Amino acid sequence: MHCALYDANRCRSCQWLEKPYPTQLSDKQAILAQQLADQPVAAWLPPVTSPQQAFRNKAKMVVSGSVERPVLGLVRPDGEAVDLCECPLYPASFQPLFAALKPFIARAGLTPYNVARRRGELKFLLITESQQGGVMLRFVLRSAARLDQLRAALPWLQQQLPQLTVISANIQPVHMAILEGDEEIALTPVQALPENFNGVPLWIRPQSFFQTNPQVASALYATARDWVRALPVSSMWDLFCGVGGFGLHCATPEMTLTGIEISAEAIKCAQRSAEMLGLEKVQFAALDSTAFATTRDAVPELVLVNPPRRGIGEALCDYLSQMAPDYLLYSSCNPQTMAQDIARLDAYEITKVQLFDMFPHTAHFEVLTLLTRRQH
C-alpha cells in the first residue's frame, strides 16, 4: 500500500508499512508462535488475511486548526496538526463525510479544542460506517455549551449526508488524551446503527465497542461458529461479549447461552439481536464477567472469552481451572496476555490456533484459540 502521509513522515501509525504484506503475516505468525512456545499446539491453521487498504469502518479524528479551517486527523507530539482525510485505510465512502463535516464545523460554530491553550469546544469526530451503508457520527465536546448551536445546524448536515443514521454528542471535559466521556447526548431519534455479519444482525450504539475491520471480523465470527458447531456442546457462556457477535454466531435454537459484558449499551444491542433471531435460550446481562463467573456453582460445557488487552487474569483462570468446562474458546487482541492466561490454565491443551490480521501494517492482530480439557 502506498501512503503519501507516511512517505512525507507526517503519520507513522502504520509502522510496518514498508514490509511486504507476506512478510507482515509471517512476522505476526512468528510473534504468536514465540508467545505459545511453551505450549504444545495440536494444529496451527493458516492466517486469515485482510485487504491492505480501505478496510477500516471507523475514523477517530482529532479536530484542530480553526473554526473556519478545521484539520481532521491527529496532532503530533510537537503540536503540528496533520490532516488524515486522505488516509488510504479509509474507504472511498468516507470522503463525502469529511468534505461535508469541515464546513459544518464553521456553520455550527464549533471551535476546535486547542490542547496547549485549553480552549475550544470540539475535540474529536468519531465516525463508524456499517456495511449496510448507514453511518454513526459522534461529536466529542468539552462541554454542553454549544449543543443548541449544534442542534440548530444539524438539518443542513443531514441534508448533505442522508446516510447519517445515528448522531450524538459526547461530553469529555477532562484536559487529557481521553477519547470520550461518560455522558452521551442523543441528537437523532435512532441511536443504534444496524450491521450484519454472516446473516447475523448486530447493532452498534455510540458507546459500545465494535471491531474496526469488518471483513476480518466476519471471518473471525464465522470461524468461532464453525469450531463451536463441531463440538458436542449444548451450553455456553460468552464472557466479555460486547454486542454479542461471538455468542450470536455460535448459538443455535437448542443452545443455552449466557452473554456477559460490563457495558449496558452493548448488552442492549445483543438483546435486540437475540430477539430478532428468535433465540429463546439466549440471555445477556450487563455485569462484570469475572465477578459473574466466579460466583457461579456450575459452568456450561463451553466458555468463550474475548477479553480486553489485559487478558482474563488470574482469578478467572483459577476459577476455570477448578470448574473445568470441557472446552474454552479464547479470542484475543494481545497474544502476550493470552499466553500468560493459557499457562495458568494447566488443565487444558491447545487444540488449534488461528491468526486473524485485523490490523494490517502494524504489529497487532487477533487470534482465536480452542482449548480442550485434558483427559486424565
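Mentor: Let's start at cysteine 14, which touches Tyr6, Leu89, His361 and Thr362, leaving out residues up to four places away in sequence. Please keep in mind that this is a predicted model. Cysteine 14 sits in the loop between helix 1 and helix 2. Is cysteine 14 buried or exposed? Cysteine 14 is buried, because its relative accessible area is 12%, and the cut-off for buried is under 20%.

With a relative accessible area of 13%, cysteine 11 is buried. Its contacts, again not counting residues up to four places away in sequence, are Leu5, Tyr6, Leu74 and Leu84. Tyr6 is therefore a contact of cysteine 11 and of cysteine 14, and a contact here means heavy atoms within 4.5 Å.

Why look at these two cysteines together? An unreviewed UniProt entry places the feature "binding site" at Cys3, Cys11, Cys14 and Cys87. These four residues span 85 residues in sequence, yet no two of their C-alpha atoms are more than 10.6 Å apart, so they gather at one spot. Cysteine 3 is buried too, with a relative accessible area of 10%.

A disulfide is a covalent bond between the sulfur atoms of two cysteines. How many disulfides does the count come to? The count comes to zero. For cysteine 3, the closest cysteine sulfur is that of cysteine 87, 6.0 Å away, which is too far for a bond because the two sulfur atoms would have to be within 2.5 Å. Cysteine 241 counts as buried, with 6% relative accessibility.

Now let's move to another cysteine that the record picks out. The unreviewed UniProt entry gives Cys333 the annotation "active site". Cysteine 333 is in the loop between strand 14 (327-332) and helix 10 (335-344). At a relative accessible area of 18%, cysteine 333 is buried. Leaving out residues up to four places away in sequence, cysteine 333 touches Pro308, Arg309, Phe365 and Glu366.

Pro308 leads us on to a further annotated set. The "binding site" annotation in the unreviewed UniProt entry also covers Gln211, Phe240, Glu261 and Asn306. Phenylalanine 240 is in the loop between strand 10 (235-239) and helix 6. Phenylalanine 240 counts as buried at 13% relative accessibility. Beyond its neighbours within four places in sequence, phenylalanine 240 is in contact with a list of residues that includes Glu261, Asn306 and Pro308.

Asparagine 306 lies in the loop between strand 13 (302-305) and helix 9 (313-323). Asparagine 306 counts as buried, at 16% relative accessibility. Not counting residues up to four places away in sequence, asparagine 306 touches Leu239, Phe240, Phe246 and Ser331.

For another loop, look at threonine 252, between helix 6 (245-250) and strand 11 (256-261). Setting aside neighbours within four places in sequence, threonine 252 is in contact with Arg229 and Leu279. Threonine 252 and proline 189 are 63 residues apart in sequence, and their C-alpha atoms are 33 Å apart in space.

Finally, let's turn to the empty space. Rolling a probe the size of a water molecule over the atoms shows where such space is left. The second largest pocket holds about 590 Å³ of space. Its lining has 25 residues, and Val75, Tyr113, Asn114, Val115 and Ala116 lie nearest the centre. What is the lining made of, in nonpolar, polar and charged residues? The lining divides into 13 nonpolar, nine polar and three charged residues. Strand 1 (58-65) and strand 4 (122-129) each supply at least two lining residues, and strand 1 gives the largest share, with four.

Note on methods:
Residues numbered from 1 in each chain as written. Predicted model: local features only at pLDDT ≥ 70, side-chain atom pairs only at ≥ 80, totals over all residues. Heavy atoms only, no water. 1 Å grid on protein atoms, 1.4 Å probe; cavity = no way out; pocket = protein on both sides within 12 Å on 5 of 7 lines; lining within 4 Å. Points joined across faces, edges and corners; volume = space filled by probe spheres on them. Nonpolar A, V, L, I, M, F, W, Y, C, P; charged D, E, K, R; others polar. Buried < 20%, exposed > 50% of the residue type's maximum accessible area, 1.4 Å probe, protein only. UniProt positions renumbered as here; feature names shortened; annotations may be inferred.
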